[in-house]
Amino acid sequence: MRKKIVAGNWKMNMNLEEGLSFTRTVNQYFIEKPARKAEVILCTPYIHLNGVSEIIKKGKVGLGAQNCASEASGAYTGEVSAVMIKSTGAQYVIIGHSERRTYYHENDALLSKKTMLALNSGLKVIFCCGEVKEERETGKHFEIVKRQLKEGLFSLSAADMENIVIAYEPVWAIGTGLTATPEQAQEMHKYIRDLVNEKYGKDIAEDLTILYGGSCKPSNAAEIFSKPDVDGGLIGGASLKKEDFVAIVEAI
Ligand code: PGA
């Protein structure tokens, strides 16, 4: 059965106390009013993981990190490994967000390595893909997304693929207020599902959760989520306000 997910990506926002207090509020909300149709996940900075994990023990909200190291352990000052993330109680990690690809020069080979490490540590991976504005304007968006998936994901086994969630995030829509139209999102999600079908077969493709991300907000979420191949969202800016985040979850 294909799972619907709404994941909040806090990015580099909120200090420890703000993050924990936000989590208490959101967690309490979903205890009182459980999200019936979607799994709700908070993807927090590393420093919040342990504290958030304690809070959500009583509740239904899931937890993820936004990145992990590309090595398993050792002398890598400043890095946080997938095993460490897993040990906090987190279940997910975002890999390949466009901000990591752009600002930290993470390429397909590195992302493939991180994905393997995360899966081997028992985490599920929210793997991001998406084209920049110029690539869409020149009609290269399908080709770009295909390359990102082939190089980043398609060396995984079928069993590993079951622990992958794909997030399609057109870079031109992230934090810009520009959203892909529901038709543009559906077209790309269908294309992604078809690629997975070709590589892994119908069962895995049909069960794969594909999220949309990029300026998703309460006013556009319902329309985007209504498309047959859109199984939820990866929410940045709007995940920092409880009312907006909850409204997006309810739009499913
Ligand atoms: P946004 O970010 O909702 O602020 O556009 C989405 C994301 O980057 O995951």
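Start by selecting H189, which counts as buried because its relative accessibility is 0% (buried means under 20% relative accessible area, exposed over 50%, partly exposed in between, using a 1.4 Å probe and protein chains only). You'll find H189 in helix 9; helices here are DSSP runs of H or I with at least four residues, strands are runs of E with at least two, and both are numbered from the N terminus. Now show what H189 touches: leaving aside neighbours within four places in sequence, its contacts are Y168, I210, L211, Y212, D229 and V230 (contact means heavy atoms within 4.5 Å).

Before moving on, keep in mind that this is a predicted model, where local features need pLDDT of at least 70 and side-chain atom pairs count only at pLDDT 80 or more, while totals for chains, interfaces and linings use all residues. Residues are numbered from 1 along each chain as its sequence is written, and side-chain values use heavy atoms, with hydrogens and water left out.

Stay with helix 9, residues 182-200, and pick Y200 in it. Which way do the rings of F154 and Y200 meet? Their centres are 5.7 Å apart and their planes are at 85°, so this pair is edge-to-face. For the rule, rings of Phe, Tyr and Trp (its six-membered ring) pair if their centres lie within 6.5 Å; planes under 30 degrees apart count as stacked, over 60 as edge-to-face, and the rest as tilted. F154 sits in the loop between helix 7 and helix 8, 46 residues from Y200, and both F154 and Y200 are buried.

A charge sits over a ring if NZ of Lys or CZ of Arg is within 6 Å of the ring centre and within 35 degrees of the ring normal. For another one, jump to R100: its charged end sits over the ring of Y104, 4.2 Å from the centre.

How many aromatic pairs are there? The count comes to four. One of them is W10 with F22, edge-to-face at 5.6 Å centre to centre and 90° between the planes. W10 is in the loop between strand 1 and helix 1, while F22 is in helix 1, 12 residues away. Both are buried.

In that loop between strand 1 and helix 1, click M14. M14 has a positive phi of about 75° although it is not a glycine. Most residues other than glycine have a negative phi. M14 is partly exposed, at 22% relative accessibility.

S215 also has a positive phi, near 50°. Look for S215 in the loop between strand 7 and helix 11, where it is buried with a relative accessible area of 16%.

Next, show the ligand. Of the 13 residues around it, K11, H97, E169, G175 and S215 come nearest (a residue is near if one of its heavy atoms lies within 4 Å). A polar side-chain atom of E169 lies 2.7 Å from a ligand oxygen, and a polar backbone atom of G237 is 2.8 Å from an oxygen of the ligand.

Last stop: helix 12, residues 242-251, with F245, V246, I248 and V249 as its buried residues. Looking down the axis, they fall within an arc of 155°, so they line one face of the helix (the arc uses directions from the helix axis to the C-beta atoms). These residues pack against strand 1, helix 1, strand 2, helix 11 and strand 8.

Methods: A polar contact is a pair of N or O atoms within 3.5 Å; within protein, one must be able to donate a hydrogen and the other to accept it, and residues adjacent in sequence count only if both atoms are side-chain atoms.
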